[in-house]
Amino acid sequence: MLSESSSFLKGVMLGSIFCALITMLGHIRIGHGNRTHQHEHHHLQAPNKEDILKISEAERMELSKSFRVYCIILVKPKDVSLWAAVKETWTKHCDKAEFFSSENVKVFESINVDTNEMWLMMRKAYKYAFDKYKDQYNWFFLARPTTFAVIENLKYFLLKKDPSQPFYLGHTIKSGDLEYVSVDGGIVLSIESMKRLNHLLSVPEKCPEQGGMIWKISEDKQLAVCLKYAGVFAENAEDADRKDVFNTKSVGLFIKEAMSNHPNQVVEGCCSDMAVTFNGLTPNQMHVMMYGVYRLRAFGHIFNDALVFLPPNGSEND
């Protein structure tokens, strides 16, 4: 009887320890001492139009030329129709865009990273981009093939951000104690963040190739874990009205939700006028977005944007 009671108590103790371990790991408490508690989550906003108008014409032209965005699109062979749509639409507006594929695909030019694991694909893509282009681009934008991006709006949002500072931007989500930028809305890293990440990629105890000890965590969470060790924290990008500019849903879904929740204010309740990304698009929806964003014009209406971002040399963009 005594031995049975002892076994029962041991079982209870082991079960309690295991539950505590699961809870602790689920919250992913990562960082250097109290640094994570000292950091406050930032909501970064786009620059004010009036501030841009104060800049001289020559300075605006120089700003237009100095913003160089390198786009990374992670693809797999099953994404070939999306791949084609992204290649034919918004990526033409990147200063340079390259596709990183899980395997060699003859149909489209891509960089073969030779792995099907999304976190490993992301690591290899960032490593390649930094090693090859660290002296040519100051902002790096990573997206899925289901994402549509308005690169000019991205450049406008970044206008007053210094790429020599560690920026890590997009649509932030909180998971336990970890705040991360969702890959569904696209991830933006400054060149300084790329430098810090590149260093950590060779430090497995801080930025392991395999994420998670008991279960895997998603690639965007794993990226946040690595960057946190380098003092780089997720920051949510918003417009002047506090609306997100990096979106993890499609325009159609936002409109449907707005019609249900704000039937008298569908436009105001939907999306930011300066939206950078939408996600969850089909190939046909990509082309419709391209038409609406870049091709459709109201005759007789003159656009007077405070700043014009010139297309890359040799670009075939709209």
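This is a predicted model: local features need pLDDT of at least 70, side-chain atom pairs count only at pLDDT 80 or more; totals for chains, interfaces and linings use all residues.
## Three disulfides

The structure holds 3 disulfides. A disulfide is a covalent bond between the sulfur atoms of two cysteines. Counted along the chain, the bonded cysteines follow the pattern 1-2, 3-4, 5-6.

## C71 and C94

C71 is joined to C94, with an S to S distance of 2.0 Å. The link is left-handed, with -95 degrees about the S-S bond. C71 sits in strand β2, residues 69-75, and C94 sits in the loop between α5 (80-88) and β3 (96-101), so the bond ties together parts that are 23 residues apart in sequence. Both C71 and C94 are buried.

## C207 and C226

A disulfide also joins C207 to C226, at 2.1 Å from S to S. Here the link is right-handed, with 90 degrees about the S-S bond. This pair connects distant parts of the chain, 19 residues apart. C207 lies in the loop between α8 and α9 (219-229), while C226 lies in helix α9 itself.

Buried means under 20% relative accessible area. C207 has 1% relative accessibility, so C207 counts as buried. C226 is buried too, because its relative accessible area is 0%.

## C270 and C271

A further disulfide runs from C270 to C271, with S to S at 2.2 Å. C270 and C271 are both buried.

## Helices α6 and α8

Two packed helices are described by the angle between their axes and the distance between the axes. Helix α6 spans residues 118-133, and helix α8 spans residues 191-200. Their axes come within 10 Å and cross at roughly 115 degrees. The crossing of α6 and α8 is left-handed.

Which residues of α6 and α8 meet? From α6 come Y126, K127, A129, F130 and D131. From α8 come I191, M194, K195, L197 and N198. The residues of this contact divide into 6 nonpolar, 1 polar and 3 charged.

## Strands β7 and β11

Strand β7 covers residues 168-170 and runs parallel to β11. The two strands are joined by 2 bridges. L169 stands opposite E235 in β11.

In a regular strand the side chains alternate between the two faces of the sheet. Are the faces of strand β11 covered or open? Both faces of β11, residues 235-238, are covered. E235 and A237 are buried on one side. N236 and E238 are buried on the other.

Conventions
Residues are numbered from 1 along each chain as its sequence is written. Side-chain values use heavy atoms; hydrogens and water are left out. Buried means under 20% relative accessible area, exposed over 50%, partly exposed in between (1.4 Å probe, protein chains only). Helices (H or I, at least four residues) and strands (E, at least two) are DSSP runs, numbered from the N terminus. Two strands pair if DSSP finds at least two bridges between them. Axes are lines fitted to C-alpha atoms, for helices over the stretch in contact, and angles run from 0 to 180 degrees between N-to-C directions. A crossing is left-handed if the near helix is turned anticlockwise from the far one by less than a right angle, and right-handed if clockwise. Contact means heavy atoms within 4.5 Å. Ala, Val, Leu, Ile, Met, Phe, Trp, Tyr, Cys and Pro count as nonpolar, Asp, Glu, Lys and Arg as charged, and the others, Gly among them, as polar. A disulfide is a pair of cysteine sulfur atoms within 2.5 Å.
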